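Here are my notes for your first look at this fold. Keep the viewer open and check each point as you read.

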Amino acid sequence: NKTYEECSMALDNNVGTWVVDNLSELIMLDELTNRNKKKVKILLRVTPGVDSHTHRFISTGHLDSKFGFSPQTLKMQGVIEKALSMPFIELLGFHFHVGSQLIDNRAHLMAMDILLDLIKDIRHKICFTPGELNVGGGFGIQYGGDPLRKPLTFFTDPIMEKLIDFCKKENMPLPAVTIEPGRWIVGEAGITIYRVGSIKTNSAGRTYVSVDGGFPDNPRTALYQAKYDVVAIEKPDAPRDNIVTISGKCCESGDILVWDASLPKLARGDLLAVLSTGAYHYSMASNYNRTPRPPVVMIREGRHRLSVKRETYDDLLEREI
């Protein structure tokens with residue numbers, strides 16, 4: 001749901017390519033570009049109707065998804081024809097994204113088959129040949145207990161083989177192909193450091209190690225049951241013979257970062273590193289429970305730089321009227 005204000009800002013700043021999600025958005029973009037006499041390049045987001053076998057909250061390519069157009073909807077609503085008739089809209093091609101944190105390439109390949117069937121159909125019916133395809137991302141990385149991540153070629157090579165073979169059979173020029181490998185690039189580069197606070201063992205025998213963060217800076221465990229590896233920074237060689245649950249500081253039973261982690265004996269003040277937090281955490285961080293957000297520090301070749309300042313309670317109060 002891109003708003004009118006967001007689209008106006010994007011138009012003013014010459015955003016290179018727009019991924020259009022629905023007919024309402026396309027009509028709004030047509031009105032906006034006509035008013036500004038400014039041309040934009042777009043891709044239409046296709047929901048291919050495949051199950052990516054990931055958590056349902058990060059599965060985006062199935063037919064009951066809130067994202068994009070199904071191939072049937074594109075045809076029934078005449079979306080492609082409408083886009084081609086709009087004077088300041090340049091339709092480049094199509095986009096799909098089947099889900100996140102995928103360790104298998106079957107969903108991408110099934111989506112590619114469906115998209116190529118759509119392209120074959122529209123080329124014959126309305127003589128439109130796409131010049132660009134965006135096949136999304138979702139390429140998995142290593143979280144707690146996961147196998148090592150696959151190389152990008154595990155996903156991209158079979159996709160390109162399908163596309164090249166199709167183009168030869170259809171006597172069609174090979175379109176430009178783009179991917180969105182964001183998490184794959186930055187996910188494992190990020191580490192979140194927490195300081196241990198209260199430690200207690202309840203009557204059920206579970207030991208909770210509370211830290212100075214949690215759901216507000218990393219909601220993924222609560223939302224997707226994400227799993228993480230965690231390291232006691234100052235005790236790297238100590239036996240990891242204690243099973244503990246790393247809990248956040250919020251008044252929420254679901255505010256857990258890591259369930260049943262094997263760690264050395266811990267004490268208040270110890271530092272813990274939760275690994276593979278380079279993707280989504282800062283962008284998903286909030287002031288939930290009125291919690292200030294943590295700082296972000298960039299490190300390169302042993303040199304560090306403060307990138308985002310730590311929030312304080314005074315920062316939160318300054319926004320109040």
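**Notes on the fold**

1. Start with helix H6. Its buried residues pack against H5, E4 and E5. Buried means under 20% relative accessible area, exposed means over 50%, and partly exposed lies in between (1.4 Å probe, protein chains only). Helices (H or I, at least four residues) and strands (E, at least two) are DSSP runs, numbered from the N terminus. The buried set in H6 is Phe155, Thr156, Pro158, Ile159, Leu163, Phe166, Cys167 and Glu170.

2. A word on the source. This is a predicted model: local features need pLDDT of at least 70, side-chain atom pairs count only at pLDDT 80 or more, and totals for chains, interfaces and linings use all residues. Residues are numbered from 1 along each chain as its sequence is written, and side-chain values use heavy atoms, with hydrogens and water left out.

3. H6 has 19 residues, so 27 Å should be spanned; the end C-alpha atoms are 27 Å apart, which agrees. Just after H6, asparagine 171 takes a positive phi of about 50 degrees.

4. Now the whole chain. The protein chain has ten helices and 13 strands. Its C-alpha trace spans about 70 × 50 × 40 Å along the principal axes. Of its 321 residues, 45% count as buried. Take contacts between residues at least 6 apart in sequence: 70% of them join residues at least 24 apart. Contact means heavy atoms within 4.5 Å.

5. Next, the sheet. Five strands form an open sheet in the order E1-E2-E3-E4-E5, with parallel pairing. The edge strands are E1 and E5 (176–180), and each pairs on one side only. From one strand to the next, the twist averages 30 degrees. Axes are lines fitted to C-alpha atoms, for helices over the stretch in contact, and angles run from 0 to 180 degrees between N-to-C directions. Two strands pair if DSSP finds at least two bridges between them. Strands of a sheet pair through backbone hydrogen bonds, either parallel or antiparallel.

6. Look at both ends of this sheet. E4 (residues 132–137) and E5 pair in the parallel sense over four bridges. Glutamate 132 has alanine 176 in E5 as its bridge partner. At the other end, four bridges join E1 (residues 17–20) to E2 (residues 40–45), which run parallel. Tryptophan 18 stands opposite isoleucine 42 in E2.

7. Which residues of E1 are on the covered face? They are Trp18 and Val20, while Thr17 and Val19 make up the uncovered face. In a regular strand the side chains alternate between the two faces of the sheet.

8. Trace the path from E1 to E2. With helix H2 (residues 23–36), they make a right-handed β-α-β unit. Right-handed means that, with the strands pointing away from the viewer, the path from the first strand over the helix to the second runs clockwise.

9. Then the charged pairs. The whole structure holds 14 salt bridges. A salt bridge is a side-chain nitrogen of Lys or Arg within 4 Å of a carboxyl oxygen of Asp or Glu. One of them joins aspartate 113 and lysine 162, with the closest N and O atoms 2.9 Å apart. Aspartate 113 lies in H5 (residues 106–126) and lysine 162 in H6 (residues 152–170), so the pair ties together parts that are 49 residues apart in sequence. Aspartate 113 is partly exposed at 33%, and lysine 162 is partly exposed at 27%.

10. Lysine 125 and aspartate 121 meet in a salt bridge (3.3 Å, N to O). Both lie in H5, four residues apart, about one turn of the helix. Lysine 125 is exposed at 63% relative accessibility, whereas aspartate 121 is buried at 18%.

11. One more pair: the side chains of arginine 123 and glutamate 170 meet in a salt bridge (4.0 Å, N to O). Arginine 123 is in H5 and glutamate 170 in H6, 47 residues apart. Both residues are buried.

Notes. The expected span of a helix is 1.5 Å times one less than its number of residues.
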